[in-house]
Amino acid sequence: MAALAPAGPRDAASAALDELSLNFTYGAPGPGNGSLSGAWYDRNQIHLFGVLLAILGNLVISISLNIQKYSHLQLAQQEHPRPYFKSVLWWGGVLLMAMGEMGNFAAYGFAPITLIAPLGCVSVTGSAIISVTFLKDNLRASDLLGMTLAFAGTYLLVSFAPNITQAISARTVQYYFVGWQFLIYMILEILIFCILLYFYKRKGVKHMVILLTLVALLASLTVISVKAVSGMITFSMTDKMQLTYPIFYIMFVIMIASCVFQVKFLNQATKLYNMTTVVPVNHIFFTISAIIAGIIFYQEFLGAAFLTVFVYLFGCFLSFLGVFLVTRNREKEHLQQSYIDFGNIPGKQMLDKIQPDSNSLSYGTLPDGSDSTKSQSGEKKEV
């Protein structure tokens, strides 16, 4: 038998590659990797736990939004309404929203970005169900169809998301952070962001697509940093302490900064455009940017089959379509405003109608106020 040659020294890069190869599991055929084996169950159990956290977090967020909406409705009915931030019910909704966001944050530590990010459709559909059940909003046929499509898309996303288990350590994040794929991605993203920001600031172009694209570009950094911070915290709790590495605090700063500027541009979009348009478009842009970030930074679709990727993208399309149908024209459904018909008043020949002005306490103006005023003054003179 030939003698085995001793292994030579390996540098830090090769050691990092070995660590990454141990962290990834793609369900390759072999002993212990069958559909009923313990390894398969343990791997998917971690993913399912992350999915459960994300779904519960999004449901809590939808409950919090409806609680805040209910508090606004209650304040509007008072004779002397007080500021909403003095309402205990409103602060309860804020607390629930914080809890839901914490659930989403923790979910990134147990499952891939490409699995957690599209589950944001649960918040939109859950909010519609709660508003119909408790706030007595109208249930439309498009709501039922949208919820069905969103649930079907969620099922496909969970079933065909990349079957990958990855331990996020500080060493792994450092390797990805200096990888050529992420560096090229960051250069392109910074270039696009600067061009859009130039049109937004200098040219005054405030189109919804520009604003939500800025939000999506920042959201890609948010999901990358959130998964890195959450993954390193999870790794510290289960294995070795990772919070002493500088990369943890770098990612934490990126997470906070990207969230702050993301909220700024999103608020600007909601001020300029209708929420029924902003919500589905923002969900689509955010999900696409998060999926691209997960593929490039964490290489979550590495080794995935074509059919798996196709069904996964089809599930994303169904969830996008479901969110669009649920939010379509929802804010336009108000109580029918009463009209004053002067055609029914004896002795009046005016057949025009006055619609109350929703932005003030007045009833608006007549189509031709001067003529009506003259006719009324003429009648007074005759009397």
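**View 1. Contact of helix α8 with helix α10.** In α8, Phe193, Leu197, Tyr200 and Lys201 meet Lys264, Phe265 and Gln268 of α10, where contact means heavy atoms within 4.5 Å. The residues of this contact of α8 with α10 comprise 4 nonpolar, 1 polar and 2 charged; Ala, Val, Leu, Ile, Met, Phe, Trp, Tyr, Cys and Pro count as nonpolar, Asp, Glu, Lys and Arg as charged, and the others, Gly among them, as polar. The model is predicted: local features require pLDDT of at least 70, side-chain atom pairs count only at pLDDT 80 or more, and totals for chains, interfaces and linings use all residues. Residues are numbered from 1 along each chain as its sequence is written, and side-chain values use heavy atoms, with hydrogens and water left out. Helices (H or I, at least four residues) are DSSP runs numbered from the N terminus. The axes of α8 (residues 180-201) and α10 come within 15 Å and cross at roughly 45°, which makes α8 oblique to α10. Axes are lines fitted to C-alpha atoms, for helices over the stretch in contact, and angles run from 0 to 180 degrees between N-to-C directions. Angles under 35 degrees count as roughly parallel, over 145 as roughly antiparallel, 65 to 115 as roughly perpendicular and the rest as oblique. The crossing of α8 and α10 is left-handed, a term for a near helix turned anticlockwise from the far one by less than a right angle, with right-handed used if clockwise.

**View 2. Packing of helix α10 against helix α11.** Helix α10 (residues 246-272) and helix α11 (residues 275-297) pack at an angle of about 155°, their axes 11 Å apart. The two helices α10 and α11 are therefore roughly antiparallel, and their crossing is right-handed. Met251, Gln262, Leu266, Ala269 and Thr270 of α10 meet Met275, Val278, Asn282, Phe286 and Phe297 of α11. This contact of α10 with α11 includes 7 nonpolar residues, 3 polar and no charged.

**View 3. Contact of helix α7 with helix α10.** The axes of α7 (residues 170-177) and α10 come within 9 Å and cross at roughly 65°. Ala170, Val173, Gln174 and Phe177 of α7 make the contact with Ile247, Met251 and Ile254 of α10. Its residues divide into 6 nonpolar, 1 polar and no charged.

**View 4. Backbone at Gln299.** Gln299 lies in the loop between α11 and α12 (306-327). Its phi is near 50°, a positive value in a residue other than glycine. Most residues other than glycine have a negative phi.
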